[in-house]
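Here are some notes from a first pass through the coordinates, in the order I'd go through them with you. Have the viewer open while you read.

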Amino acid sequence: MPPENQSSNQSPLTELAASHLVIVAGKGGVGKTTVTAVLARAAADAGRRVLVIELDGKHALVELLPGLDVRHISAASSLEEYLLEHGFKRIAKRLASTGVIDVVGTAAPGIDDLVVLGKIKQLERSGEWDLIVVDGPAAGHAITFLTSAAGLLDAVGGGPVHDQARDVVAMLSDPRRCRVVLVTLPETTPVNELIETADTIVDRVGVELGPVVVDLVYTSAPLPDPAGVSFGRAKMQVDDARAAAEFRRARRAVQDQELARLAGALPLRQVHVRALPTAGLTADDIALLAAELAGSRDA
Amino acid sequence: MRLDQTVHDADVIVCCGPGGVGKTTTAAVIGLHAARRGRRVVVVTIDPARRLADALGLTSGLTGEPQQVERGRTGDGELWAMMLDTPAMFERVVRANATDQEQADRIVQNRFYRNISSALSGTQEYMASEALHELHGDDRFDLVVVDTPPSRNALDFLEAPGVLTRFLDHKVFKLMMLPTRTGLKVFSIATQPVLKAIGRVVGSDVLIDAVAFFQAFAGMDVGFRDRAEAVTQLLRADSTRFLIVAAPQREVIDECAWFADQLTEQGFEVSATVVNRLHPRFGDGTVTDAEQRATAADERGDHDLAAIWSNLATERRLAEVQRAALAPLVARTVDALVEVPLLPDDVHDVEALDVLATHLFA
């Protein structure tokens, strides 16, 4: 169901992968990792050189993306690398113990995020990859993560941090280089949160938003009303079948209503990722969803 | 039964689990139920939780101060709700520990302090534990239900009371505390080699703010340490109960199982595990049975009926795979594994909270 204001000639995959760097963001539990994996798989299967980046504390993507280049970037290692590269060998050594990020990160908030973005920028500039997909930070951290560079640019007058912040801001504000893809679920609270996040990102970060990806969408044909269906002579389990149909119709109504509300609130294209009847996706599931993404004309 | 007993016995209930599993809603349902059982409950949420405030009838939203929920007033029972205001809570703790107002003002106006109170990792967990301690000592309430921040590591909450003191113990900051001992000035301290190097990275203004903060802070760290100790003891008290809140996705379950192990290892007891949004079961028939009926209907050309049976098969399959995925949690749950089904509608009013309560306390 493509809402009229979001039609596009490009395929969803082309539009999702329109910049060199895609940062996938959204609240915890909405499926950021799934979307990162599906997008990376689809782009790689289409012949693009893809790098996948996981941030602190997550290690799920290696298993979901066999054969793909998956890297893990932490604030601590990025800061140490940054200090070493910028002639602060002594302090890097001295601080190379636990708490390094707390110390420097608290003295200058955002510097931990900036060094991570700086590392990502370095990879983006290297030209080794056609597409870099970042499984973005969880929960409300996405906004602080993305505003770190602009904040430090104002706070720090000159020196290496200023230069780094300037380069990162340049990357974030260039839609050919970087876009943010927001992920949500077709439910009330996640949609509310996505609308708020989208407004904040546009107002405060100045980064271009790619299509919104809605995860766990039921795409099968709408069910007929079980009240109007004759079960013939069947008696056994008829009540179960009716109850299941009513349940699915009710969930479907919530889904349709929320997708329409999202379309009304945000002038962004929607891309839907189908809900599979599983409790956890495997590499095969990701490949299947990636093939569907590549083959679809629109959500 | 068991969860009902927990609500009856506990002074503090801590709801832990990864982000997006419904901790806040679970905390609210527990609060509502406890109030109906005659307890004077305060629920502390971490997120603004706009929709929950609406469901509770708090039209102006949750605030940093406890507000009474009219719908929770039953007999002797009362329900109050508030949202954690991390910077405000931090300032209260500073003021409570400062020797005089002048010292407190000097600290809260310092830019480095403002960074700590909003940007230091673990601060939100730290202030949640402080709020818990403060509310526990408040005579208006006899039960505090707290929803923990959605950190990557749920254990952060247990270590939270020590966040600031561990931070103060860092050797670089010890160096910044020197002025008070030796009478050196802020600027001369800032010229020490290590600090000078940090200053070159982050800027000298930032460094001077930091040194000024540590000077102002001098003498207060003892109070902070004592307080951290008291909060830790409260978390370890018998009357403090931990609930793990989960959802039926494999990665969530793995994280919760790991967390349950960590809690046990550290000597905490998990009172119950709540699994939210579990796919409902539709009868006790099999997936295959429903599939066969769908095929038969299709062969007769009755596609509407086939769709209805086929849907039953899909819903059953989902219910089965989700229950199978719960195995690691079932294995670790000595007492209660409470299943809360996914409802046909999103939860947005007090009636829906009541429906959840009937499942939570079945």
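Two residues are taken to be in contact here if their C-beta atoms, placed from the backbone, lie within 7 Å. Keep in mind throughout that this is a predicted model.

1. Start with the helix pair in chain B that this contact rule picks out. On the α5(B) side the residues are B:Gln103, B:Arg106 and B:Ile107, and they meet B:Phe213, B:Ala216 and B:Phe217 of α13(B). By class, that contact splits into four nonpolar residues, one polar and one charged. As for geometry, helix α5 (residues 101-108) of chain B packs on α13(B) at about 160°, and the axes are 9 Å apart. The two helices are therefore roughly antiparallel, and α5(B) passes α13(B) in a left-handed crossing.

2. Now a pair in chain A. Which way do α7(A) and α8(A) run relative to each other? Helix α7 (residues 111-125) and helix α8 (residues 141-155) of chain A pack at about 100°, with 8 Å between their axes. Angles of 65 to 115 degrees count as roughly perpendicular, so that is the label for α7(A) and α8(A). From α7(A) come A:Ile111, A:Asp113, A:Leu114 and A:Leu117, which meet A:Thr144, A:Phe145, A:Ser148, A:Ala149 and A:Leu152 of α8(A). The tally for this contact is six nonpolar, two polar and one charged.

3. On to the interior. In soluble globular proteins, nonpolar side chains tend to be buried together. The largest nonpolar core in this model has 181 residues, and those with the most contacts inside it are A:Val22, A:Val38, A:Leu39, A:Val133, B:Ile244 and B:Ala246. Which element gives the largest share of this core? Helix α13 (residues 204-217) of chain B does, with nine residues. Another core lies apart from it; this one has 16 residues, including A:Val229, B:Ala297, B:Leu305 and B:Ile308.

4. A:Val133 is worth a click. Leaving out residues up to four places away in sequence, A:Val133 touches A:Val22, A:Val24, A:Thr36, A:Leu39, A:Ala40, A:Val50 and A:Val52. Two of these, A:Val22 and A:Leu39, are listed with A:Val133 among the residues with the most contacts inside the largest core.

5. The interface next. Chain A puts 50 residues in contact with 52 residues of chain B. On the chain A side, the elements giving two or more residues are α5 (89-95), α6 (100-107), α9 (159-172), α10 (188-205) and α11. The largest share is that of α11(A), with ten residues. By class, this side has 30 nonpolar, twelve polar and eight charged residues.

6. Some overall figures for chain B. Its 19 helices and eight strands sit in a C-alpha box of roughly 95 × 50 × 40 Å along the principal axes. Of the 362 residues in chain B, 47% are buried. If you take contacts in chain B between residues at least 6 apart in sequence, 71% join residues at least 24 apart.

7. Two backbone spots to check. Most residues other than glycine have a negative phi. A:Gln237 has a positive phi of about 65° though it is not a glycine, and B:Arg277 is another non-glycine with a positive value, near 55°. Where does each one sit? A:Gln237 is in the loop between β7 (212-217) and α11 (238-265) of chain A, while B:Arg277 is in strand β7 (residues 270-278) of chain B. Are they buried or exposed? A:Gln237 counts as buried because it has 21 C-beta neighbours inside 10 Å; B:Arg277 has 18 and so counts as partly exposed.

8. Finally, two pairs in chain B, if you want distances to look at. B:Asp76 and B:Arg36 are 40 residues apart in sequence, with their C-alpha atoms 8.3 Å apart. B:Asp76 lies in the loop between β3 (67-68) and β4 (78-83) of chain B and counts as exposed because it has 10 C-beta neighbours inside 10 Å. The other pair is B:Ala230 and B:Pro161, 69 residues apart in sequence and 8.8 Å apart C-alpha to C-alpha. B:Ala230 belongs to helix α14 (residues 221-236) of chain B and is partly exposed, with 13 other C-beta atoms within 10 Å.

Terms used:
Residues numbered from 1 in each chain as written. Chains lettered and ligands numbered in written order. Predicted model: local features only at pLDDT ≥ 70, side-chain atom pairs only at ≥ 80, totals over all residues. Axes fitted to C-alpha atoms, helices over the stretch in contact; angles between N-to-C directions. Helix = DSSP H or I, 4+ residues; strand = E, 2+ residues; numbered from the N terminus. Parallel < 35°, antiparallel > 145°, perpendicular 65-115°, else oblique. Nonpolar A, V, L, I, M, F, W, Y, C, P; charged D, E, K, R; others polar. Core = buried A, V, L, I, M, F, W, Y, C linked by C-beta atoms within 7 Å. Buried ≥ 20, exposed ≤ 12 C-beta atoms within 10 Å, placed from the backbone. Left-handed = near helix turned anticlockwise from the far one by under 90°.
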